[in-house]
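I opened a new notebook page for this one. Here is what I looked up, in the order I looked.

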Amino acid sequence: MRKEDKSAIIEQLTGTLQEYPYFYLTDIEALDAEKTSALRRECFKREVKLMVVKNSLLKRALENVEGDYSPLFNALKGNTAVMFSQAANGPARLIKDFTKDTKGKGKPQLKAAYVQESFYVGAENLEALVNIKSKNELIADVVALLQSPAKNVVSALQSSGQTLVGVLKTLEER
């Protein structure tokens, strides 16, 4: 590969790393063409961008991005595919769903991830990444918590009003 081609790929990877806040390094080696196509279709459905990259070029792109990504460098061995996403747990759920028939032992296999300014290295972190809530899920939880006391007050007022009406009717009948 010519030096100009490598520079262009590094620039493209750097731009993609800056565009997406979360990315996962995965191993998709030994997937046949059918499963690779199915994985790419599933990535497209879930708005996850999948790129197969050379480890050395990805390392240079990570060095170009602001911040220290050195904890991920040890995971850059063998075949590497990068899953970029706007949702923190999107790729983790995709990997878990895609490998559920093999009980998590199949491919793609998680090598490392950069999520919410933290590094997760190793396949054993997949379950923790699946359980991370997205921004929208956290907002929904906060809204539900804020609505709960108001619903309780309205419910209490409605039930006490009905009780008061019952008492008044009883008094009226006497």
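I began with E42: its side chain makes a polar contact with the side chain of R46, at 2.8 Å. For a polar contact I take a pair of N or O atoms within 3.5 Å; within protein, one must be able to donate a hydrogen and the other to accept it, and residues adjacent in sequence count only if both atoms are side-chain atoms.

Before going on, I noted that this is a predicted model, where local features need pLDDT of at least 70 and side-chain atom pairs count only at pLDDT 80 or more, while totals for chains, interfaces and linings use all residues. Numbering runs from 1 along each chain as its sequence is written, and side-chain values use heavy atoms, with hydrogens and water left out.

Back to E42, which I found in helix α2. I take helices (H or I, at least four residues) and strands (E, at least two) as DSSP runs, numbered from the N terminus. E42 has 22% relative accessibility, so I put it down as partly exposed. My cut-offs are under 20% relative accessible area for buried, over 50% for exposed and partly exposed in between (1.4 Å probe, protein chains only). I also checked E42 against D97: they sit 55 residues apart along the chain, and their C-alpha atoms are separated by 10.0 Å.

Next I looked at helix α4, residues 90-98, where G90, P91, A92, L94 and I95 are buried. Their cover includes β1, α2 (33-45), β3 and α5 (126-130); contact here means heavy atoms within 4.5 Å.

Then I turned to α1. Which of its residues are buried? I found I10, L13, T14, T16 and L17. Down the axis of α1 these fall within an arc of 165 degrees, so they line one face of the helix; the arc is that of the directions from the helix axis to the C-beta atoms. On the other side, E4, E11 and Q18 of α1 are exposed. Among the elements covering the buried residues of α1 are β2 (49-53) and α3 (55-64).

Last, I stepped back to the whole chain. I counted six helices and five strands, running α-β-α-β-α-β-α-β-β-α-α from the N terminus. The C-alpha trace spans about 100 × 40 × 25 Å along its principal axes. Of the 174 residues, 34% count as buried.
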